[in-house]
Amino acid sequence: MNSPWVALEGLRAGYPGFELGPVDLSMGRREVVVVVGPSGSGKTTLLRCLAGLARNSGGRLLWEGRDVTSTSPEHRNVGYVPQGLSLFPHRTVEQNVGFAKETLGAPTPDREVRALLERFELTSLARRRPHELSGGQRQRVAMARALAAHPRLLLWDEPLSGLDVLARDDLVQMMLEVTSQQDVALLLVTHDPSVAFSVADRFLLLHGGSVRFLGDPERLMSSPCDAFSARFAGYENVLSTQDLAAASGAPWARPWLDRAGPEGIACSAERLSFVQEEGRGRLPAVVRWVHRDPLGWRVGLECGPWRLEQHLRPPLAPPEVRQRGWVEVDERHLLPLRGLEEGRGN
Amino acid sequence: MSERGEAPPRSGAIGGWASILPSASVAGLAGVLVVLLLLPLFALLTSVPPMAILRAAGSPAVEVSLGFTVLASLLALAGSVVFGLPLGYVLARRRFPGREVIESIVLLPLVLPHLIAGLALLMVFGPDAPLGRFLATLGIPVWDTIWGVVAVMGYVSTSYVVSASMTAFRAVDPEMVGVARTLGASRGDVFLQITLPLSLRGILGGMGLSWARSLSEIGGLLVLGYTVYPWPAGANQPVWNPISVLIFETYQISPPQALAMAALLLLFALSAFLGMRVLEWALRARGAPRESRA
């Protein structure tokens, strides 16, 4: 049997007050795994540990079966693009991209460096320094620089934060092209669901340093395991066990409580209706706010201790703020959050 | 009066003064300080006729003394860089027990009266001190030789190199260093290609201050290097004085002559300072950034 391109076996790392792991993950070449999780869940620690910049306290890293756990960062063959990019400010774009080649003693400018500059549309910016570039250009330099070292594994921490939609989409496209053409596995940290779902072969969800979910995007969408993954998968209405407990005595909450899983319950804002007639299973609600969005309206509803959100698309008209009514939802659209064991899988 | 009620009073003028006054007082206080810093230098330079400065510059005693002082201060600077940069790097980059204590020790010479520094060094390098005696037996006498002058200058000025390099190294983003390592650079490569170029301006600033401090030292020299015998000892060689000591001695005999020497030294120091600024500007023009966290 072939060994995986990249394998993490029971990887543990941490610092005082925080422990990450164990993380078990196998990646094939050209596979994209998106790491998601709330702030402080250990995403960056995982990346730094894989890059060799943070020491792991347990477990192993294997490159096609070769143990690289103790290998120093310069010999690990991992590309790392940190959140702040860390471009070298005293070097031009060309010198940044050519840094890895330079350390190998390649002539400057290297043919391959020039090809990378061209591929990332940086040729005309080759003589500029990082502070003379836009956010998107800087991101492209960081990516080209990392790829110039021919990494086996590319680690990318929040690559698209602060970019406009067009620049973001361009970069995502470049990223997909590169990973499909090179033997590189990509581990990407992002908070942006639209980027994550467009590139991910699999998701790795971290929470408090533990792996809460590992699986494909469809599985994350159809059965998110906890409140974070439900929100990330696009469920606007997520009620945790604490939210549910706050309304446990209310008869109107019964259908929701009956359907809830150990981690709570989720429902898409598209699936809610705000109606004027009372009925079985309907929740009494007051409209708290109405906001426009590009596709219609977002309506904030207060149901006892719960805050729910409804999305309305034209030709439906939005209700008035402070209007009273009832929230209706088909029970089939109430998604129980079943917790770690249910959602986890390879 | 309108239906909505009385219009609020126009407060533009008061608001304007209120916003101008703090800025004006800050600018005034800053201006006073700048004037106070420049006034003595201006007074010194204008109190001495240019011809007197030229005569002082042509005096063999001043030439020898200034040359000797510059040589000793450069040697002190070299020592400060050789020993100070590694210490600054370790203090900036490593965490270890007692780091804060070492940082305080490094700054100690800055708060020590320099005469006391000279006396303390005499207890270590003097003719009756064990280390001084030992070095003398090796043929390197310290008391009243160039080495004594270098020791004093180094002692009172090293802190600037260590402190400035520590600050400069600390300003280099550790993440940037880490990224450079993942790109195949060894620790040495990273230091030479990333850390050092990004810290260079800060380090040069510290070196400049350190050298200027050595050049102007007198307190410690009164004890350990008042009259300097040539080293290695040679026959019929005149004794030297560091320039600050020479000015001090001359002042007791002929104040106008001492003022001319002082003006000459001031012009020399100003030229060196200007040279440093030009170097700094040149580095900036070449793209060495003030902040490394780009």
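Reply: Let's start with a pair of side chains: R212(A) and D226(A) are both buried. Keep in mind that this is a predicted model. The two residues form a salt bridge, with their closest N and O atoms 3.8 Å apart. R212(A) belongs to strand β10 of chain A, while D226(A) sits in the loop between α8 and α9 (227-232), so to speak a link between distant parts of the chain, 14 residues apart.

Where they touch, 19 residues of domain 1 are in contact with 14 residues of domain 2.

How much area gets buried there? About 1,300 Å² between the two domains, with carbon and sulfur atoms giving 65% of it. On the domain 1 side, R212(A), M221(A) and P224(A) lose the most area to domain 2, together 43% of what that side buries.

Across the interface of the two domains, the rule finds one salt bridge. It also finds two residue pairs in polar contact there, both at pLDDT 80 or more.

Which elements of domain 1 give two or more residues to the side touching domain 2? They are α7 (193-199), β9 (202-207), β10 (210-215) and α8 (217-222) of chain A. Of these, α8(A) gives the most, with four residues. Sorted by kind, the residues on that side are twelve nonpolar, four polar and three charged.

For a bit of context, the count over all chains comes to 28 salt bridges. One of them joins E64(A) and R29(A), with the closest N and O atoms 3.7 Å apart. E64(A) lies in the loop between β4 (56-63) and β5 (66-67) of chain A and R29(A) in the loop between β2 (18-27) and β3 (32-36), so this pair ties together parts that are 35 residues apart in sequence. Buried or partly exposed? E64(A) is partly exposed, at 39% relative accessible area, and R29(A) counts as partly exposed too, at 41%. R212(A) and D226(A), remember, are both buried.

Note on methods: Residues are numbered from 1 along each chain as its sequence is written. Chains are lettered from A and ligands numbered from 1 in the order in which they are written. This is a predicted model: local features need pLDDT of at least 70, side-chain atom pairs count only at pLDDT 80 or more; totals for chains, interfaces and linings use all residues. Side-chain values use heavy atoms; hydrogens and water are left out. Contact means heavy atoms within 4.5 Å. Buried area is the accessible area (1.4 Å probe) that two parts lose on being put together, summed over both. A salt bridge is a side-chain nitrogen of Lys or Arg within 4 Å of a carboxyl oxygen of Asp or Glu. A polar contact is a pair of N or O atoms within 3.5 Å; within protein, one must be able to donate a hydrogen and the other to accept it, and residues adjacent in sequence count only if both atoms are side-chain atoms. Ala, Val, Leu, Ile, Met, Phe, Trp, Tyr, Cys and Pro count as nonpolar, Asp, Glu, Lys and Arg as charged, and the others, Gly among them, as polar. Buried means under 20% relative accessible area, exposed over 50%, partly exposed in between (1.4 Å probe, protein chains only).
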